[in-house]
Amino acid sequence: MLRYTFTLLTVLTLFTFSDTVFSQYSDSSDSSVGGVMIDADGMLSQASVTEMSQLRKELASEMAPISKGLNKQVEARKISLKKLNAELARYATTGSEIPDSVRNLGGLTAIEYVLIYPEEQDVVLVGPAEGWTVGPQGVMVGKTSGKPVMQLEDLVMAIRSATGENRSVFSVSIDPTQEGLQRMSQYASSVNPSTSPKLVAQGMEEALGAQTITLQGIEPTSHFAYVLAAADFRMKQISMGVTKSPVRELPSFVSMMKAPAESGALPRWWLAPNYDAISRDEAGLTWSLSGGKVVTMTDTDFFNGDKIVRKAGKKENVFQQWATKMTENYDELAKAEPIFGQLRNCMDCALVAAIFAQNGIMEQSGDNFQPMMTVEGLCAVRENVPMHVPSTSVMAKRAGSVMFVTGGVTINPWEMVQNSTVSDLNSVRENNSVPAKRWYAN
């Protein structure tokens, strides 16, 4: 029997954001990803106050004035993707830099409707929008709501992935290595009982080593992938109490765990989109994404001393309690931690991309949408790939024991599209149309 114990908290989340070196980007507003940095070795770490201050100053100095039409808050801004692509083609032809208004997708803070117009070979996105500014963590946010604005790059990367040869879910997982688990188990079984609990916990932490980041379904150097990784990273830190939760009603899991769970039991949490209200008209040309939210799901895994064994369907009550609190307070958390708002934006983008793929938009639109697939500089080239997380940054230490979080994020837009319901959306189509003069209209 082990004299000292450890608890593994396996977390499958659904978001992230992080960045490499600010100067790598043609538009540094795309380099902000929730206060998380990635170094040349692919290691995630929390950005310092100085680094965040530097980023905010740089972004603010490079911001262009916002046009009057985009600088006001509106309930429904219409974005014509066909005309937006024409703008991209023009910038590419003239060698002009892509402006903030295009990169920030007209200031949209969510996508509520997707309207397909086969005759015009166009797709129109509709959602709330406003002017933008640099938020406290170097994230571009709405001036009034403070919500992160949608990024064209995230939408483009999602569409590129969804319309490729292989359809996949968008996911990230951060997990301990098998070798690390075995080293930690061996250390715990061989430690001298007289060793101080503090040193034992430190030794177990060192034996575990760095955890591995696995990304699927998305280009690992993309902003979308960075968002997934960073959001997961931040959730782990909050759940373990490594950093204090900015929301009072969402305590750390460690503080909630009054009694030990079943021996070897490991909570597996994952953040996922819940679009129960997603609907479409009978022709599949009008889609409503309103009502979507992010939920925290849970199951229980077990560690048998050698490896983690998944036993889906079995849930510990305390694991479910924390998952419920995370779900209930997600909107409030997203205000304080913009990375979680960016994650939700990426979910919207993934869903739009799945609608594109299901309706064969790319095949039916001729060359109208080719610019966003080919224009250089639209999707910034990032050299650093998120690969590792130091266990010290996502685990809690107690006397003679450690708690740590692993896992990732999973977005399955194909399931959401498949499970959509048919509704009467005539009024939505009547109240919205293709912008007549510009690529956007209010």
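This is a predicted model: local features need pLDDT of at least 70, side-chain atom pairs count only at pLDDT 80 or more; totals for chains, interfaces and linings use all residues.

Visitor: What makes Arg90 and Glu87 a salt bridge?

Guide: Their closest N and O atoms are 3.0 Å apart, and the rule asks for within 4 Å, so the pair qualifies. The two sit three residues apart in helix α2 (residues 81-94), which puts about one helical turn between them. Helices here are DSSP runs of H or I with at least four residues, strands are runs of E with at least two, and both are numbered from the N terminus.

Visitor: Why is Arg90 called partly exposed?

Guide: Its relative accessible area is 43%. Buried means under 20%, exposed means over 50%, and partly exposed is in between (1.4 Å probe, protein chains only), so 43% lands in the middle class.

Visitor: Which residue does Glu153 form a salt bridge with?

Guide: Arg382, with the closest N and O atoms 2.8 Å apart. This pair links distant parts of the chain: Glu153 is in helix α4 (residues 152-162) and Arg382 in the loop between α13 (371-374) and β16, 229 residues apart. Both Glu153 and Arg382 are buried.

Visitor: And what about Asp331 and Arg344?

Guide: Their side chains meet in a salt bridge at 2.6 Å, N to O. Asp331 belongs to helix α10 and Arg344 to helix α11, so the pair ties together parts 13 residues apart in sequence. Asp331 is partly exposed, with a relative accessible area of 47%.

Visitor: How do you know that Leu271 counts as buried?

Guide: Its relative accessibility is 0%, so Leu271 falls under the 20% cut-off. Leu271 is found in strand β11 (residues 265-274).

Visitor: What makes β9 and β10 a pair?

Guide: Two strands pair if DSSP finds at least two bridges between them. Six bridges join β9 (residues 170-176) to β10, and the two run antiparallel. Pro176 stands opposite Gln211 in β10.

Visitor: How many bridges join β10 to β16?

Guide: Two, again antiparallel, with β16 covering residues 388-389. The rule is at least two, so this pair qualifies as well. Here Gln211 stands opposite Val389.

Visitor: Why are β19 and β20 called edge strands?

Guide: There is an open sheet of seven strands, in the order β19-β12-β13-β5-β6-β4-β20, with mixed pairing. The edge strands are β19 (421-422) and β20 (440-441), as each pairs on one side only. Inside that order, five bridges join β4 (residues 74-80) to β6 (residues 122-129), which run antiparallel. Lys78 stands opposite Val126 in β6.

Definitions and conventions:
Residues are numbered from 1 along each chain as its sequence is written. Side-chain values use heavy atoms; hydrogens and water are left out.
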